[in-house]
Amino acid sequence: AFLQAHQSELSAQSIQRGRAKLYEYVHERNLANQGRVSVAPGYVPKLVVSAGQIDVAYVPTDQLKAQRAKAARLARVTPISMPKFIRQASFDAFFREGPHATPSRNQALERALMFVKQYSPNRFVPGLYLSGSFGVGKTYLLGAIANQLADQGVQTTLVHFPSFAVKMKSSIGKNTTDQERDRIKQVPVLMLDDIGADALSAWVRDEVLGVILEYRMQEELPTFFTSNFTMAQLVDHLAIDNQGNQEPLKAMRIMERIRFLSREIVVEGDNLRQKLGNS
């Protein structure tokens, strides 16, 4: 069939010279069909005409293409000190219906779907500030958003902020503070998980969190947050550093940037960690 399809391109001499290539093709095709190891695992042979001569090209199998697509998708989501379930989080599993569904969970899901639909690197779309009690699904929803954006070719970084704050303190002795902070602040979509879980030092609040948020506000880069505090409560929390010093103006400056970068949704419902054991 190949020779008939390309008879205008191949001379009798070319066909004679190409007998070894024809044999290679048949041999490798049979190995692939039998599931045996071929000369190029993950690839299947394909006969082609190159410069008037018969040749064999190797093209990736559908399985290899799917594996590469999955690996590329995983590479677009960078979790830093985040739980493992982030990798499997999806909108379909976010309790739109059933005993765990609540109006606020549905509202958060709808806003998340809207962000994914509207996101464009060419215009600013604010992220979400998800506040609520432990285990209501805030972190899981961040993971679902990140995974859906990954399917669209968008890179997202998710950061457990209390752990990141500890890492930033240790970076001082290594003289890598600027690199660590700049790597986070410049990502296309940033998600900061558990803001306000711990009292921050003035340095982490102003020179780490403040600098990250200032950069992202100026560059109009979407940013997401989760917190057990509402925005109104977080400003009071940020006003007092871990030494007990009160600096309300600096806290208000941080909150101004958070309000620019995100829109608040209070998520309510039962504790899914206790009921489901994993989220």
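Helices here are DSSP runs of H or I with at least four residues, strands are runs of E with at least two, and both are numbered from the N terminus. You are looking at a predicted model, where local features need pLDDT of at least 70, side-chain atom pairs count only at pLDDT 80 or more, and totals for chains, interfaces and linings use all residues. Residues are numbered from 1 along each chain as its sequence is written, and side-chain values use heavy atoms, leaving out hydrogens and water.

**Stop one: K185.** Select K185 in helix α8 (residues 177-185). This lysine has a relative accessible area of 13%, so it is buried (under 20%, with exposed over 50% and partly exposed in between; 1.4 Å probe, protein chains only). Now show contacts (heavy atoms within 4.5 Å): leaving out residues up to four places away in sequence, K185 touches V211, I212, Y215, R216 and L221.

**Stop two: helix α6.** Next, colour residues 138-151, which make up the 14 residues of α6. How many of them are buried? The count is 12 of 14, including Y140, L141 and L142.

**Stop three: aromatic rings.** The structure holds seven aromatic pairs (Phe, Tyr or six-membered Trp rings with centres within 6.5 Å; planes under 30 degrees apart are stacked, over 60 edge-to-face, the rest tilted). The rings of F115 and Y119 lie 5.8 Å apart between centres with planes at 40°, so this pair is tilted. Y129 and F225 are also a tilted pair, at 6.0 Å and 40°. Y129 sits in strand β4 (residues 127-132) and F225 in strand β7 (residues 223-227), 96 residues apart. Both Y129 and F225 are buried. Finish by selecting F85, F94 and Y140, which form one aromatic cluster.

Notes. Expected span 1.5 Å × (residues − 1).
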